[in-house]
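Subject: Structure handover

Hi,

Here is the structure I promised you. Please open it alongside this note. My findings follow below.

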Amino acid sequence: MRVTVVGAGYVGLVAACGLANSGHQVTRVEKDPARLSCLREGKVPFREEGLDELLHKAVGMGRLSFAAELTGAPPADITMVAVGTPSLPSGKVDLSQVQEVVAGVAAMVTEPVLLVMKSTVPPGTGAKLQERFLSKARVPIRYVSNPEFLREGRAVYDWYHPDRIVIGADDPTVVEQVKALYADIEAPVIHMDVASAEMTKYAANAFLATKISFINEIAHLCELVGADVLFVANAVGLDPRIGPHFLQAGLGYGGSCFPKDTSGLDFIASMNGHQFNLLKAVIEVNQRQRLEAARKLAAALGGLADKEIAVLGLAFKPGTGDVREAPAIDIIRLLLDEGARVRAYDPAAMEYARRVLPPDVTYTSTALQALDDAHATVVATEWPEFITLDWEAASHHMQPPRVVLDGRNCLPIEKLLACGLVYVGIGRRVQVREY
Ligand SMILES: NC(=O)c1ccc[n+]([C@@H]2O[C@H](COP(=O)([O-])OP(=O)(O)OC[C@H]3O[C@@H](n4cnc5c(N)ncnc54)[C@H](O)[C@@H]3O)[C@@H](O)[C@H]2O)c1
């Protein structure tokens, strides 16, 4: 099939490369000149495991071309929308990018096309887009919600191994056409109406966020009663009704999806007259985790003013350079506000962090350099290189009281304690080790 994919971000680029490698003829439309020129040089403009290879293969087979605007793309059977849907300060989802693309498609198409919405849009959006834009097009444009569930850092793997393919279509005759897009991917295909498909994506992300905030609440209680959240989470997660995933206590969730999707769903609930109190609590707990990190450091250091603090990890999770809504970014701002000096290191995200953080942060080229003369360090992203860091050497780089705040509960406690470091975890019981 001829497919146009609009937006070459994490979702759009993976989708375009995946579809081209599956034999479809794909045109990618990307309006950011920097991203586009990077792609034209055959390079992926962000870090994503396995995507370079997929891109080279697709370009090599002549199945992938580029355009800066929709009007520059050849006619297609399917136009897939994968542009950003960020949050507005109110929590409402900013649909301007989506609306611009859908209005553009409605204005320019001269032959019938299927519009597949990959961007995460609030329930009810599809109906509004159809009424406001698509119904006014000169030729029929049918609309499908096809939410994407891939995870950054594992996006290529997830593209080929999705847990399910959700097809939200009020017109059942288009389902086969969407299925054909994914003909070589083995996964349950679930057909439903558009609003339910839109809701499925929000419900999935809100539930995962709920698990994270839930275990962070348990971690907090563990600290108060002298329990260890690692034991608790491991044992609780063995119950198959609960499962082990997303039960890692830490600095909370970040990234381009959970924060905006939880606030977006909360906003939609309020607009529909429903107070989603559970979700409000999830969001509040997540914000508190960042303040908690600063509070713990202040308590361990006797205040933050004039303290040297190293932050290891800026990306919202390992395997990506994405710093959108990353806990480290908020924590650094809090530390700077309180008068601390911050030295930061991340193996993939420093270029992106520089763009959003105040200029007084010092960036180093290794983790150990960030620790030079640090009173404390925060491990904010569980990159493997921090877990296996030479903590003996680290302790010599630091100055007393040598506090390590393990914001992801990922470090080897015994080793750190043996090196004379003061270990502070999230919900950990540090004294008792033998079980
Ligand atoms: N990132 C994820 O892990 C993930 C996972 C599942 C779903 N999603 C959803 O997918 C959507 C895209 O997310 P992303 O992370 O890929 O976003 P992104 O911000 O990385 O990429 C979006 C791209 O669209 C481009 N764009 C915007 N308007 C355009 C236009 N009119 N024409 C051409 N290009 C345009 C932007 O320049 C940008 O490169 C969002 O709705 C997001 O919630 C993201």
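Strand 9 (residues 308-312) and strand 12 (residues 376-379) run parallel and are joined by 4 bridges. In this pair, valine 311 sits opposite valine 378 of strand 12. Please keep in mind that this is a predicted model.

Helix 11 and its helix partners

Helix 11 also packs against helices. Take helix 8 (residues 194-225) first. The axes of helix 8 and helix 11 come within 9 Å and cross at roughly 45°. The two helices are therefore oblique to each other. Helix 8 passes helix 11 in a left-handed crossing. On the helix 8 side, the contact is made by Ala206, Ala209, Thr210, Ser213, Asn216, Glu217, His220 and Glu223. They meet Leu279, Val282, Val285, Asn286, Arg288, Gln289, Glu292 and Lys296 of helix 11. By class, that contact holds 5 nonpolar, 6 polar and 5 charged residues.

Now helix 10 (258-271). Helix 10 packs with helix 11 at an angle of about 150°, and their axes are 10 Å apart. This crossing is left-handed. Thr262, Ser263, Leu265, Asp266 and Ser270 of helix 10 meet Leu279, Lys280 and Ile283 of helix 11. The classes here are 3 nonpolar, 3 polar and 2 charged. Note Leu279 of helix 11: it is listed in the contact with helix 8 and in the contact with helix 10.

Helix 1 and helix 3

A further helix pair is worth a look. The axes of helix 1 (residues 10-21) and helix 3 (residues 51-60) come within 9 Å, crossing at roughly 45°. Helix 1 and helix 3 are therefore oblique to each other. Helix 1 passes helix 3 in a left-handed crossing. From helix 1, the residues in contact are Leu13, Val14, Cys17, Gly18, Ala20 and Asn21. From helix 3, they are Leu51, Leu54, Leu55, Lys57 and Ala58. This contact divides into 8 nonpolar residues, 2 polar and 1 charged.

Domains

How is the protein divided? Domain 1 covers 2-192 and domain 2 covers 208-424. Their C-alpha centres lie 33 Å apart. At the contact, 17 residues of domain 1 meet 18 residues of domain 2.

Two backbone spots to check

Which residues does a cis peptide bond join? They are proline 400 and proline 401, with omega at about 10°. Proline 401 is in the loop between helix 16 (391-397) and strand 13.

The other spot is phenylalanine 246. Its phi is positive, about 65°, although phenylalanine 246 is not a glycine. Phenylalanine 246 lies in the loop between helix 9 (229-237) and helix 10.

Over to you.

Best wishes

Definitions and conventions: Residues are numbered from 1 along each chain as its sequence is written. This is a predicted model: local features need pLDDT of at least 70, side-chain atom pairs count only at pLDDT 80 or more; totals for chains, interfaces and linings use all residues. Side-chain values use heavy atoms; hydrogens and water are left out. Two strands pair if DSSP finds at least two bridges between them. Axes are lines fitted to C-alpha atoms, for helices over the stretch in contact, and angles run from 0 to 180 degrees between N-to-C directions. Angles under 35 degrees count as roughly parallel, over 145 as roughly antiparallel, 65 to 115 as roughly perpendicular and the rest as oblique. A crossing is left-handed if the near helix is turned anticlockwise from the far one by less than a right angle, and right-handed if clockwise. Contact means heavy atoms within 4.5 Å. Ala, Val, Leu, Ile, Met, Phe, Trp, Tyr, Cys and Pro count as nonpolar, Asp, Glu, Lys and Arg as charged, and the others, Gly among them, as polar. Domain bounds come from an automatic or database domain assignment.
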